Amino acid sequence: MAISGTILKIKPARREEILQELERLSGVSLEQETLDGDLILLIEAENLQALHKTCQRLEKLDGVLGVYPAYVTTADE
(Lines give C-alpha, C1' and ligand atoms only; values in the text may rest on other atoms or scores of the structure.)
Protein backbone atom coordinates (compact mmCIF):
# COMPACT_ATOMS: atom_id res chain seq x y z
CA MET A 1 0.00 0.00 0.00
CA ALA A 2 1.16 3.51 -0.84
CA ILE A 3 0.01 6.52 1.19
CA SER A 4 0.56 10.19 0.46
CA GLY A 5 -0.21 13.45 2.20
CA THR A 6 -0.80 15.86 -0.65
CA ILE A 7 -1.46 19.57 -0.99
CA LEU A 8 -3.94 20.45 -3.71
CA LYS A 9 -3.75 24.07 -4.89
CA ILE A 10 -7.03 25.15 -6.45
CA LYS A 11 -8.85 28.10 -7.93
CA PRO A 12 -11.19 29.26 -5.15
CA ALA A 13 -14.04 29.78 -7.62
CA ARG A 14 -13.96 26.04 -8.46
CA ARG A 15 -13.83 24.81 -4.84
CA GLU A 16 -17.31 23.22 -4.69
CA GLU A 17 -16.90 21.37 -7.98
CA ILE A 18 -13.49 20.07 -6.95
CA LEU A 19 -14.82 18.88 -3.58
CA GLN A 20 -17.56 16.96 -5.40
CA GLU A 21 -14.97 15.33 -7.67
CA LEU A 22 -12.82 14.36 -4.68
CA GLU A 23 -15.77 12.54 -3.13
CA ARG A 24 -15.97 10.36 -6.26
CA LEU A 25 -12.31 9.32 -6.16
CA SER A 26 -11.59 6.09 -4.37
CA GLY A 27 -8.80 6.30 -1.81
CA VAL A 28 -8.84 10.12 -1.62
CA SER A 29 -10.00 11.93 1.50
CA LEU A 30 -10.02 15.60 2.39
CA GLU A 31 -8.21 16.01 5.70
CA GLN A 32 -8.02 19.78 6.05
CA GLU A 33 -8.45 23.08 4.26
CA THR A 34 -5.89 25.85 4.80
CA LEU A 35 -6.71 29.51 5.32
CA ASP A 36 -5.34 30.13 1.81
CA GLY A 37 -7.87 27.67 0.36
CA ASP A 38 -5.45 24.82 -0.29
CA LEU A 39 -6.81 21.33 0.27
CA ILE A 40 -4.82 18.81 2.29
CA LEU A 41 -5.54 15.29 1.05
CA LEU A 42 -4.75 11.80 2.21
CA ILE A 43 -4.37 9.49 -0.77
CA GLU A 44 -4.22 5.72 -0.34
CA ALA A 45 -3.47 3.45 -3.28
CA GLU A 46 -2.53 -0.15 -3.95
CA ASN A 47 1.04 0.77 -4.98
CA LEU A 48 3.18 3.70 -6.10
CA GLN A 49 2.05 3.42 -9.71
CA ALA A 50 -1.62 3.66 -8.69
CA LEU A 51 -0.78 6.60 -6.42
CA HIS A 52 0.90 8.35 -9.33
CA LYS A 53 -2.16 7.77 -11.54
CA THR A 54 -4.41 9.28 -8.88
CA CYS A 55 -2.20 12.38 -8.72
CA GLN A 56 -2.30 12.66 -12.51
CA ARG A 57 -6.09 12.44 -12.40
CA LEU A 58 -6.20 15.20 -9.78
CA GLU A 59 -4.01 17.41 -11.99
CA LYS A 60 -6.58 17.18 -14.78
CA LEU A 61 -9.51 18.42 -12.69
CA ASP A 62 -10.79 21.79 -13.84
CA GLY A 63 -9.65 24.41 -11.34
CA VAL A 64 -6.67 22.49 -9.96
CA LEU A 65 -3.50 24.57 -10.13
CA GLY A 66 -1.09 22.01 -8.69
CA VAL A 67 -0.72 18.68 -6.89
CA TYR A 68 2.11 18.61 -4.36
CA PRO A 69 2.83 15.43 -2.38
CA ALA A 70 4.24 16.43 1.01
CA TYR A 71 5.10 12.86 1.97
CA VAL A 72 4.84 9.40 0.48
CA THR A 73 5.23 6.12 2.29
CA THR A 74 4.79 2.48 1.36
CA ALA A 75 3.99 -0.35 3.69
CA ASP A 76 4.53 -3.33 1.41
CA GLU A 77 7.04 -2.18 -1.22
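**View 1. The buried side of helix α1: I18, L19 and L22.** In α1, the residues I18, L19 and L22 are buried, meaning under 20% relative accessible area, with exposed being over 50% and partly exposed in between (1.4 Å probe, protein chains only). These three sit on the same side of α1 because they cover an arc of only 100° around the axis, the arc being that of the directions from the helix axis to the C-beta atoms. Helices (H or I, at least four residues) and strands (E, at least two) are DSSP runs, numbered from the N terminus.

A quick note on what you're looking at: this is a predicted model, where local features need pLDDT of at least 70 and side-chain atom pairs count only at pLDDT 80 or more, while totals for chains, interfaces and linings use all residues. Residues are numbered from 1 along each chain as its sequence is written, and side-chain values use heavy atoms, with hydrogens and water left out.

**View 2. The largest nonpolar core.** This core has 18 residues, and those with the most contacts inside it are L8, L22, L39, L41 and L58. A nonpolar core here is a set of buried Ala, Val, Leu, Ile, Met, Phe, Trp, Tyr and Cys residues joined through side-chain atoms within 4.5 Å. At least two residues each come from β1 (2-10), α1 (15-24), β3 (39-45), α2 (48-59) and β4 (64-74). The top contributor is β3, with 4 residues. Zoom in on L8 and, leaving aside residues up to four places away in sequence, you'll find it touching I18, L22, D38, L39, L41, L58, V64, G66 and V67; contact means heavy atoms within 4.5 Å.

**View 3. T6, a buried residue in strand β1.** T6 counts as buried because its relative accessibility is 0%. Its side chain and that of S4 are joined by a polar contact of 2.8 Å. A polar contact is a pair of N or O atoms within 3.5 Å; within protein, one must be able to donate a hydrogen and the other to accept it, and residues adjacent in sequence count only if both atoms are side-chain atoms. Not counting residues up to four places away in sequence, T6 also touches L39, I40, L41, I43, V67, Y68, P69 and A70.

**View 4. D38, in the loop between β2 and β3.** With 11% relative accessibility, D38 counts as buried. The side chains of D38 and K9 meet in a polar contact of 2.9 Å. Again skipping residues up to four places away in sequence, D38 touches I7, L8, K9, Q32 and E33.

**View 5. H52 in helix α2.** The C-alpha atoms of H52 and A2 are separated by 9.8 Å, with the two residues 50 apart along the chain.

**View 6. Zooming out to the protein chain.** There are 2 helices and 4 strands, running β-α-β-β-α-β from the N terminus on. The C-alpha trace spans about 40 × 20 × 15 Å along its principal axes. Buried residues make up 32% of the 77 residues.
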